[in-house]
Each structure stands twice: as C-alpha cells, then as structure tokens.
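Dear colleague,

Please find below the structure I promised to hand over. My notes on it follow directly after.

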Amino acid sequence: MLKRKYIDLIIVIIVVLAVVSYTYTSFYSDDDTVSIGYLPSDHDAALFVANASGMYRDAGLNVELHEYNNGGDLISAMTSGTVDVGYVGVTPVLSSISKDVPIKIVAGAQLEGSGLVTNEPDVTSIEDLKGKSIATPGQSSIQYMLLQYDLKKHDMTMSDITSPSMKVASMNDALKTGSIDAMLTYEPYMSIAEKQNNMTVVDTSHEILENHPCCVVVVTDKFANRHPDKVKKIAEIHKNATEKLENDPYGCVKYLPRNIVANETLEGQILANMSWVSDLNDTYKQDVRDFISTEKDLGVLNQTFSDEKLFYTA
C-alpha cells in the first residue's frame, strides 16, 4: 500500500514537471525565436545574406525563415502571430495598415525590380496585349498595382485584359506553353525569362513607375512592443547585409536560396543592377508617401496615413 502511494506521488511529480517544462518552452523558448517571413525573390536578398552569412547568429538572434507564395499570405501569417518580421511588398503592407492591421515599416528593402514580360515578339507595348492575359502574383501584390498603373497610362483598364493570379515560379513555364500571354513579375524571374528563355521585356517597373518603393521590412506591433532591442538589431543587420550586397553582389550569390538561382552569373548581374535601400530616411519616407498618392489615384487605397501609423521608429 505504501509502495503504491510512492508510485502515485512520483506520477504526480512527473506530470507537474512536464507541465512546468511545457509552460517554460511555450512562454520563454519560443519567445526567443524570431520568425521571419519572405517571398522567393531577389528583392529579399538582404535577408538571405544576413541569415546565411551568420549575421543574426553573431548578434545573438535565433531566427526561423518561412517562405510564402505572396504578400497577402505573409501578412495573414503576421496577423495570426505566426510571423514576427516580414520582407514583403509595400502594396499589401499599405492595404493591411489601412485595415488597422498592427504592423509597421522598419526599413525599405529595394526600389523597382519588376517587369512586364511576354513570349510574343510582336508585342512592344501593353496596348498590344488588349484582350489577352497578363498574370501577376495576385491582387494584393505590387505587381498587380503596377499592372493597373501601366494600363491607366495607356488609357486602358483591367477590363481590357484578363489577369490570373499565379505562383511566380510557375509563370515562365505558363508563358512557354501559351497558357498566359504575358506576366508582370519580379526578379529573378523577369531576367530568367529574358536572358535564358529569350522572352521580351515590354516594360520594366522603372519604366512603368520610376523610383517606386517595392519590398519593405515590417514588424508586428506586438513583437516591436515586446522586443524593441531585437527590432533595433534586425534593422542594423538589414542595413549591414544591404551594404554587403551593394559592395559585392557577385560574391553574395552564394547566400541566396538555390531555388531562385537559375544561373550564378546572371544572378550576380541581377543583384548588381538592383536599387537597394535600407534606411527610413526622409527621402525614402517621401517615396512611400508618393506611392500612397499613386495608389489613391488608382483607387487601390482610399486614405493617407500619419508617419506614426506607417513607420516604426524606436
């Protein structure tokens, strides 16, 4: 009988220790891991450089990277609490902030970096694609917004074309097979289409809307409020990784995920030609404000924002 009591007591102790261990892991260990979401794009190269070169580790940060198909999915993950930090297009960010999603822009990532591509050699303008299909990563993407803007510049509307949403990595094959007539996509897929698949770049995003902000680094308010020190480190690391990209683009190719590097020489050229940014200086903030005005003119947004609502500053 006495032996049975000891057994019961041991069982109780084991259960209590298990509960304590689980609680500690849930509330402390997971809290030490920074979850960073990204898209499979050269636009997020600073993230790849920072992670693969050990910058986060050297700063004492434990990070987990999670890939998403489009900005809408990534923002949803941030809203649900799955992701703390995101490298994502400015259009889904602005749309989310307009709906009071609690996220802030910490830094820019790059400007421009997309393009309208077709497999039809006779197409020289978006006007030649009237009645045809132009794929984008989705209606929440900056590429969809650029499509709207390019159409408006040529006195056209979305009703003049069809615009299926597709995974960017699938668009080149869809162009080859004739499943779509054109795509508005981001790097490296634009350059892969042109340089390796002999397709035609009708317009780069520089030609569509010069100097427009594209991808940004955002944080959730919850993460920023709990870990302002980590946000500061992440912003500093992003800046250092961006400088590394600018100083040695060809040498940084080795840090990128293999699934977006079709050819190392071409990839180096792409990185060398990208317009990188990393600060929230006055010039970049004005670029974002100007972009908001453009989206308002298109009807993509119906409001402007205060700097306090848009930008995170410690």
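**Backbone features**

At 36% relative accessibility, N211 counts as partly exposed. This residue is found in the loop between α9 and β10 (215-220). Please note that the model is a predicted one. The phi of N211 is positive, at about 65 degrees, although N211 is not a glycine. D100 also has a positive phi of about 65 degrees and is not a glycine. D100 sits in the loop that runs between α5 (90-98) and β4, and with a relative accessible area of 56% D100 is exposed. One peptide bond deserves mention as well: the bond from E187 to P188 is cis, with omega near 10 degrees. P188 belongs to the loop between β8 (182-186) and α8. As background, most residues other than glycine have a negative phi, and most peptide bonds are trans.

**Cysteines**

The structure holds zero disulfides.

**Salt bridges**

A search of the whole structure finds seven salt bridges.

E120 forms a salt bridge with K132, and the closest N and O atoms are 2.7 Å apart. Both E120 and K132 lie in the loop between β6 (114-118) and β7 (134-135), so the pair ties together parts that are 12 residues apart in sequence. E120 is partly exposed, with a relative accessible area of 23%, and K132 is partly exposed at 27%.

The side chains of D279 and K239 also meet in a salt bridge, at 3.8 Å from N to O. D279 lies in the loop between β11 (275-276) and α13 (282-298), while K239 is in helix α11 (residues 228-247), so this pair ties together parts that are 40 residues apart in sequence. The relative accessible area is 32% for D279, which is partly exposed, and 33% for K239, which is partly exposed.

D307 forms a salt bridge with R289, with 2.8 Å between the closest N and O atoms. Here D307 lies in helix α14 (residues 307-310) and R289 in helix α13, so the pair ties together parts that are 18 residues apart in sequence. D307 counts as partly exposed at 27% relative accessibility, and R289 is partly exposed at 28%.

V106 has its place in strand β4 (residues 103-108). Is V106 buried or exposed? V106 is buried, with a relative accessible area of 11%. Leaving aside its neighbours within four places in sequence, V106 is in contact with V217, V218, V219, V231, A235, L280 and Y312. V106 and L310 are 204 residues apart in sequence, yet their C-alpha atoms are 9.0 Å apart in space.

**Pocket and cavity**

The second largest pocket has a volume of about 320 Å³. Its lining is made up of 18 residues, and E187, M190, S191, T204 and N273 lie nearest the centre. The elements giving two or more residues to this lining are α8 (189-196), α9 (205-208) and α12 (264-273). By class, the lining of the second largest pocket divides into five nonpolar, nine polar and four charged residues.

The largest cavity has a volume of about 110 Å³. The lining of the largest cavity comprises 15 residues, of which L39, G89, I142, Q143 and Y186 lie nearest its centre. Seven of the lining residues are nonpolar and eight are polar, with no charged residues.

With kind regards

Methods
Residues numbered from 1 in each chain as written. Predicted model: local features only at pLDDT ≥ 70, side-chain atom pairs only at ≥ 80, totals over all residues. Heavy atoms only, no water. Disulfide = S-S within 2.5 Å. Salt bridge = Lys/Arg side-chain N within 4 Å of Asp/Glu carboxyl O. Helix = DSSP H or I, 4+ residues; strand = E, 2+ residues; numbered from the N terminus. Buried < 20%, exposed > 50% of the residue type's maximum accessible area, 1.4 Å probe, protein only. 1 Å grid on protein atoms, 1.4 Å probe; cavity = no way out; pocket = protein on both sides within 12 Å on 5 of 7 lines; lining within 4 Å. Points joined across faces, edges and corners; volume = space filled by probe spheres on them. Nonpolar A, V, L, I, M, F, W, Y, C, P; charged D, E, K, R; others polar. Contact = heavy atoms within 4.5 Å.
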